[in-house]
Amino acid sequence: QVQLVESGGGLVQAGDSLRLSCVSSGGPLSRYAMGWFRQAPGKEREFVAAITWRGDTTYYANSVKGRFTISRDNAKNTVYLQMNSLKPEDTAVYYCAADYASYRMSYYSTASQEYDYWGQGTQVTISS
C-alpha cells in the first residue's frame, strides 16, 4: 500500500524558494498520477499541481503557474514541488496525493476526491 511522506516545508521570506519532496514508503508510484494540494487556515483544501505517472504532462493552478514546478523520479518513488518567488499567500499546509492511473498515460486530476492516498502534510510559512 502506498504511504506518502512529505518533507521540505519551513519558514522563509517572500521571494525565497523551497522544494518539497514526497516519498512513498509503502509501494511504487509508477502507476500513480500525483498531485500537490494545500490548505490555508480557515480555507478549503485547494489544488496546486499535478503530474501524469510518466511525468510528461503537468498542470498547475493559475495562482502558482510560472512559479511552481512539479516533477517526479519514479526510480526513487519521489515527487517534488519546486516553489520559487514565494508569496505570503502561499502559506499553507502542503499535501501530496496519489491517484491510481493504471496505464492511462495522459491521466491526471485536479479534484481531491479522485486521489486514493494522502500524506500527512508539511507546513510552509512565508513571511512578508
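**Before starting**

This is a predicted model, in which local features need pLDDT of at least 70 and side-chain atom pairs count only at pLDDT 80 or more, while totals for chains, interfaces and linings use all residues. Residues are numbered from 1 along each chain as its sequence is written, and side-chain values use heavy atoms, with hydrogens and water left out.

**Stop 1: the disulfide**

Select C22 and C96, which are joined by a disulfide with an S to S distance of 1.9 Å. The term denotes a pair of cysteine sulfur atoms within 2.5 Å. A disulfide is a covalent bond between the sulfur atoms of two cysteines. The structure holds one disulfide. C22 belongs to strand 3 (residues 18-24) and C96 to strand 9 (residues 92-100), so the bond ties together parts that are 74 residues apart in sequence. Strands (E, at least two residues) are DSSP runs, numbered from the N terminus. Look along the S-S bond: its torsion is about 50°, so the disulfide is right-handed.

Are these two cysteines buried or exposed? C22 is buried, with a relative accessible area of 0%, and C96 is buried with a value of 0%. Here, buried means under 20% relative accessible area, exposed means over 50%, and partly exposed lies in between (1.4 Å probe, protein chains only).

While strand 3 is on screen, select S21, which is found in that strand. S21 is buried, with a relative accessible area of 14%. Among the residues that S21 touches are V5, W36 and Y80; contact means heavy atoms within 4.5 Å.

**Stop 2: the nonpolar core**

Next, select M34, W36, L81, M83 and Y94. These residues have the most contacts inside the largest nonpolar core, which has 34 residues. Such a core is a set of buried Ala, Val, Leu, Ile, Met, Phe, Trp, Tyr and Cys residues joined through side-chain atoms within 4.5 Å. Several strands each supply at least two residues of this core, including strand 4 (32-39), strand 5 (46-51) and strand 11 (122-127). Centre the view on M34: not counting residues up to four places away in sequence, M34 touches residues including L4, C22, I51, I70 and Y115.

**Stop 3**

Select strand 5. Five of its six residues are buried. Strand 5 runs antiparallel to strand 4, to which five bridges join it, and strands pair if DSSP finds at least two bridges between them. Across this pairing, F37 stands opposite F47. The hairpin of strand 4 and strand 5 has six residues between the strands, and G42 there takes a positive phi near 80°.

On to strand 6, which is antiparallel to strand 5 and joined to it by three bridges. I51 stands opposite T58. The turn of this hairpin contains G55, with a positive phi of about 80°.

**Stop 4: strands 7 and 8**

Select strand 7 and compare its two faces. F68, I70 and R72 make up the covered face, whereas T69, S71 and D73 make up the uncovered one. In a regular strand the side chains alternate between the two faces of the sheet. Six bridges join strand 7 to strand 8, and the two run antiparallel; S71 has Y80 as its bridge partner.

**Stop 5: aromatic rings**

Show the side chains of F37, F47, Y59, Y108, Y115 and W118, which form one aromatic cluster. How are the rings of Y59 and Y108 placed? Their centres are 5.5 Å apart and their planes at 20°, so the pair is stacked. Rings of Phe, Tyr and Trp (its six-membered ring) pair if their centres lie within 6.5 Å; planes under 30 degrees apart count as stacked, over 60 as edge-to-face and the rest as tilted.

**Stop 6: two positive phi angles**

Most residues other than glycine have a negative phi. N77, in the loop between strand 7 and strand 8, has a positive phi of about 50°. S85 also has a positive phi of about 50°, and is found in the loop between strand 8 and strand 9. At 41% relative accessibility, S85 counts as partly exposed.

Note on methods: Helix = DSSP H or I, 4+ residues; strand = E, 2+ residues; numbered from the N terminus.
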